[in-house]
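Colleague: Could you walk me through how to read a few features here?

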Amino acid sequence: MTPPAQRTTLVDDVYESIKGQLMDLVIEPGARVNIEALARDLAVSPTPVREALARLESDGLVRKRAMSGYTATPLLTADQFEQLCQLRALLEVPAARLAAGHPDAAARAALATAVTPPSAEIDPSNYRRYAPFTAHDAAFHDRLARLSGNPMLADSIVRLHAHLHLHRLYLPAGPTTDTVAEHRAVAAAIAGGRPDVAATAMAEHLSATRARHIVAFSITETGKE
């Protein structure tokens, strides 16, 4: 049975509110998530909070353990960051190659419509201000993955939730022109049906993304000095 629209909207609102606290590190990485306290703060019953946390668990932003409830997922370590970057390259470069070979030229060309983000500037100080960019970034990669024509490959890419973890770790402020230009290069190669070019463009995009986010670890090390 489909839940009533009002109920669905409430859970969505609670989900976005808690997600914002996790992304902004208001709920600190590794900290226990207090369901009752969140329910009081959001002026709702514990039920929508639990439903929202179940969704956030599937996003990889919280973890649930028997008898101890939910805790916020720790930030990526340097090793985990490198492993995520390696895994993305193993999955997304072949996905771009396959997408460029998709037999539907119109579907390939339509990927270009997912390139332009909702805003040219991002502000990492508040999740609600950069959430549209994060959603856009993820949507582009997810759409490309589905265009590969390999559902198992696409599901693997989507389930990484790489953009949430990277943007929670570190998000450069300012224009998104580099990301947009990289997306456009990938989309153009796919639209043109050029698998090798698409694979190279995706590899270059993922390498540039790694370079933008690896700064987080130098910031962390500086803060320890």
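Colleague: Which residues does glutamate 182 touch, not counting residues up to four places away in sequence?

Modeller: First, this is a predicted model, where local features need pLDDT of at least 70, side-chain atom pairs count only at pLDDT 80 or more, and totals for chains, interfaces and linings use all residues. Residues are numbered from 1 along each chain as its sequence is written, and side-chain values use heavy atoms, leaving out hydrogens and water. Contact means heavy atoms within 4.5 Å. With neighbours up to four places away in sequence left out, glutamate 182 touches His205, Ala208, Thr209 and Arg212.

Colleague: Is glutamate 182 buried or exposed?

Modeller: Buried means under 20% relative accessible area, exposed over 50%, partly exposed in between (1.4 Å probe, protein chains only). Glutamate 182 counts as buried because its relative accessibility is 15%.

Colleague: How do I read two packed helices?

Modeller: Two packed helices are described by the angle between their axes and the distance between the axes. Here the axes of helix 4 (residues 78-100) and helix 7 (residues 151-160) come within 10 Å and cross at roughly 140°. Axes are lines fitted to C-alpha atoms, for helices over the stretch in contact, with angles from 0 to 180 degrees between N-to-C directions. Helices (H or I, at least four residues) are DSSP runs, numbered from the N terminus.

Colleague: Which residues in helix 4 and helix 7 meet?

Modeller: Leu84, Leu87, Arg88, Leu91, Glu92, Ala95 and Leu98 in helix 4 meet Leu153, Ser156, Ile157 and Leu160 in helix 7.

Colleague: And what does methionine 202 touch?

Modeller: Leaving out residues up to four places away in sequence, methionine 202 touches Glu92, Val93, Ala96, His141, Leu144 and Val186.

Technical notes:
Helix = DSSP H or I, 4+ residues; strand = E, 2+ residues; numbered from the N terminus.
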